[in-house]
Amino acid sequence: MVDSKEPILEDDEKEKVSLMIEHRLPWLVIGLVGGIALTLVSSKFEHLLSRNIGLTYFIPIIVYMADAVGTQTQTVYVRNIGKKGTHFLDYLFKEFILGIAMGGLFGVLAALFAFFAFKSVEIGVSVGFAMAATMSIAPIIALVVPAVLRKEHKDPAVGAGPFTTVVQDFLSLLIYFAIATVIIF
């Protein structure tokens, strides 16, 4: 008998492909809709980007690095979620500190590269602060989403990745554009 309070976890080795599609498709549709929304959000910053085209070149790395930190955090958390004695708030605090440390380090490195590559203090500062901020918050998002899914009796291994990616990408772009707007204007 299955405990109704626990999420039903997928077993890819035993499940039919049609059931796997049924479970995964909604999360990927959310990703597609989120990506379309991100395209529309980006278009609202055309004036900023056209004023300093160099900013556009750093969008992929800022989004990627935040996603990478979040994916590492989330993968380890989902792997450990079934262990007894996992204290969410302790885990969240440690991962937040890790995000700040990694964000600070990579923010400085990205800022230096951006400055020297484009000879622009504005681009360097914008990229550095955005990298630091997005990598700092990524672990929080990466932990909260699977915790909420688990609480809602959904398999965090199936839904957390796509949903977290959309949320993190959205926040990363908004943070980057907000920082760049403040610095450039």
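A crossing of two helices is called left-handed if the near helix is turned anticlockwise from the far one by less than a right angle, and right-handed if clockwise. Keep that handy for this predicted model, where local features need pLDDT of at least 70, side-chain atom pairs count only at pLDDT 80 or more, and totals for chains, interfaces and linings use all residues. Residues are numbered from 1 along each chain as its sequence is written, and side-chain values use heavy atoms, with hydrogens and water left out.

**Stop one: a helix pair.** Select residues 59-80, helix H3, and residues 88-118, helix H4. (Helices here are DSSP runs of H or I, at least four residues, numbered from the N terminus.) H3 passes H4 in a right-handed crossing. Now show the side chains where they touch, meaning heavy atoms within 4.5 Å: H3 brings Met65, Thr73, Val76, Tyr77 and Asn80, while H4 brings Phe88, Tyr91, Glu95 and Phe106.

**Stop two: the core.** Next, pick Leu55, Phe58, Ile62, Val127 and Tyr176, which touch the most other members of the 24-residue largest nonpolar core. Such a core is a set of buried Ala, Val, Leu, Ile, Met, Phe, Trp, Tyr and Cys residues joined through side-chain atoms within 4.5 Å. Zoom in on Phe58: beyond its neighbours within four places in sequence, its contacts are Phe113, Ala114, Phe118, Ile123, Val127 and Tyr176.

**Stop three: a glycine.** Click Gly124, in helix H5. Is Gly124 buried or exposed? With 5% relative accessibility, Gly124 is buried (under 20% relative accessible area; exposed is over 50%, partly exposed in between, using a 1.4 Å probe and protein chains only).

Conventions: Axes fitted to C-alpha atoms, helices over the stretch in contact; angles between N-to-C directions. Helix = DSSP H or I, 4+ residues; strand = E, 2+ residues; numbered from the N terminus.
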